[in-house]
Amino acid sequence: MVEGKFGVCNGITRVNDVKSGSSTLRKSPSGDRFKIYIPYAGQTITWEVILDNSCPEEPPDFIFEDSDFCPNVADIKSLVNWDIGDPHCLTKVIRELLEHYKTFHERLLEAHSRLQFEYSSLLDQTELSRDLIEVYSERTEKKIGPINFLIKLPVDFSDIPPYLTKDNPGENSAVLLILFPSPDSSRVTPQLYLSPRVEHAFGGSGNLRIPAFPSGGCLLDYVPDVYKLLQNKVEKTVQIYERRKELIAAFLSHFGRSVLEFDADGFFDISFLFEWNDFFFILYIELAPSFPQEAPVLTFQSIYHESKEKPYSEVHDKYPYSPRWSGPEMATRIKTYILDNIQAFQKQSVISGSL
Amino acid sequence: VSFRSRSGDKWTPMKLVRRALSFFLHSKQRLNRNHQFALVHLFDKASWVKDFTGNVRSIISALDDMSDTVELQSFNATSLFDLIHQCVPLPELEGDTTILPPPYIVRMLFIYGRSNGLIEFRNKESFRQLDSSPYFFFDAMYVHEPQSPENRCEEIFDRLCDLDEKGMSYIFEAARNPTRLYDQMAKLLAHPLQRPLQSEIAYRLHNIADLTDT
């Protein structure tokens, strides 16, 4: 039965919190006590759950690693109404305890006016709601710090391009972790965490730089700035992704029967085999991340002649082009350009290359 | 892509095929840096010459090192497919295979140069196992002498076409015509998951004025 509860906990412990974290469970050999590791405000908190094998109907006891955290059992409704028959009984308790824990850490801020201001101003004067923010204060005997603020940014990721992978990339999220070394420190360090699909859409983890936290600044100004930055980046990423897709689709509709390969994930390139008067050649079309600002790069490649031990090729990146053209128009104009230049390419490949 | 090169006669076809393959490898790598290639040579039995690598130069040197072959009466396809089935892992079908692309696919490019050596294929078990995967493809390039009553080119080509059981293969032939060989090898660059069926391919560029609206 303990195994059964164990399994159930494992399955549903996506602690419904700011970070969709899951906790891992480990149990000691006796099988009725185990530890839960819960991600919270950028930390991992460890709670030990103690059940009794011989009396399973008895609600569990808890050991919290934070000895100051000592909620009143009577306040934990799901503990008071512990029902072993409910498969979610433990999850409900954990959830309630986590709420109390959160409140506990919120109260800790009250003794420090700057932190208290940071927290309450975020709640009162921005669109952020309490369920999007978690705070945690590390405490020793003498002092308090570092203090973490974990903020889930309500960015709209709904149009982000798909990320096709067999592992579920999970929901889209952007989370800001801000560290205060001490209550009045000005060396505040922010860190942005993006979920896999968002990171993939931005082209990798290095691709978004958030500004440093200004000294003398406050979360009230900083967090909305980061939020706007992200929202803009999302919009831009979606726009240029759609432009690439549109262009690749236009090329496919013109030349689908000549296609060799194309990037079906980010739509950054496509290549064709063309024949013109019995002369075959390959055309590579590559789009830079700055497309449509930057024109697609066209490379003609010979399949008969080589130069320096590689197939002879010519790169064409300066040709009549406007980023304002639609995908279909770009494809048509590039096609004209290709037709106008094949003969010269053919001649040049014979001269420069060797058979 | 793994290559099977089986050159029958001792003259220029081998050199031609080597050059065409070299173009193929360079072009394929240009298309996508992640492609990898292995080389299998068939003498009296199939042997793995070079394992999968993205290093195009090393494959080309292995090709250059391959000696011209000796006349053999027939070619044992069973041993070839047995070897491939044994050595090449195919990706498992995972997730929703209608939308999820596989991590890689395996394409066998069979290059055959015998005008008289019939293809013997007694035990098709390994071939069937490989072919049953949607991530395995069989393509062929048949280089031969011009067809005549003295050789069996047509018969051989038909046997090759028989291997296209799924209807997804590209099977080409060229009769000692260098240009045609290069052209056909270029067509073989097309990615099996993205290319049209062989019956649908069309490479000719038309002037825009000549086209009607599609």
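Predicted model: local features only at pLDDT ≥ 70, side-chain atom pairs only at ≥ 80, totals over all residues.

Me: How is a sheet read, and which strands form the open sheet of four strands in chain A?
Reply: Strands of a sheet pair through backbone hydrogen bonds, either parallel or antiparallel. Helices (H or I, at least four residues) and strands (E, at least two) are DSSP runs, numbered from the N terminus, and two strands pair if DSSP finds at least two bridges between them. The four strands in chain A have the order 7-8-9-10, with antiparallel pairing. Strand 7 (133-139) and strand 10 (189-194) of chain A are the edges, each pairing on one side only. Neighbouring strands of this sheet are turned by 15° against each other on average, direction ignored; axes here are lines fitted to C-alpha atoms, for helices over the stretch in contact, and angles run from 0 to 180 degrees between N-to-C directions.

Me: How many bridges join strand 7 of chain A to strand 8 of chain A?
Reply: Six bridges join strand 7 of chain A to strand 8 (residues 144-152) of chain A, and A:Tyr136 stands opposite A:Asn148 in strand 8. Helix 4 (residues 113-125) of chain A lies across strand 7, strand 8 and strand 9 (174-180) of chain A, at about 10° to strand 8.

Me: What is the order of the open sheet of five strands in chain A?
Reply: The order is 11-12-13-14-15, again with antiparallel pairing, and the twist averages 25° from one strand to the next. Strand 12 (residues 269-276) and strand 13 (residues 279-286) of chain A are joined by eight bridges; A:Ser271 has A:Tyr284 as its bridge partner in strand 13. Strand 14 (residues 297-307) and strand 15 (residues 310-316) of chain A pair over six bridges. In their hairpin, which has two residues between the strands, A:Lys308 takes a positive phi near 55°.

Me: How is the packing of two helices described, and at what angle do helix 6 and helix 7 of chain A pack?
Reply: Two packed helices are described by the angle between their axes and the distance between the axes. Helix 6 (residues 219-255) and helix 7 (residues 327-352) of chain A pack at an angle of about 50°, with their axes 8 Å apart. Helix 6 of chain A is therefore oblique to helix 7 of chain A (angles under 35 degrees count as roughly parallel, over 145 as roughly antiparallel, 65 to 115 as roughly perpendicular and the rest as oblique). Contact, meaning heavy atoms within 4.5 Å, involves residues including A:Leu247 and A:Phe251 of helix 6 and A:Met330 and A:Ile334 of helix 7.

Me: Which strands of chain A does helix 7 of chain A lie across?
Reply: Helix 7 of chain A lies across strand 12, strand 13, strand 14 and strand 15 of chain A, at about 30° to strand 14. Helix 1 (residues 13-31) of chain B also packs on the sheet, and its direction makes about 165° with that of strand 14 of chain A.

Me: How much area do chain B and chain A bury between them?
Reply: Buried area is the accessible area (1.4 Å probe) that two parts lose on being put together, summed over both. Chain B and chain A bury about 3,300 Å², 59% of it on carbon and sulfur atoms. In chain B, B:Gln194, B:Tyr203 and B:Leu205 lose the most area to chain A, together 21% of what that side buries.

Definitions and conventions:
Residues numbered from 1 in each chain as written. Chains lettered and ligands numbered in written order. Heavy atoms only, no water.
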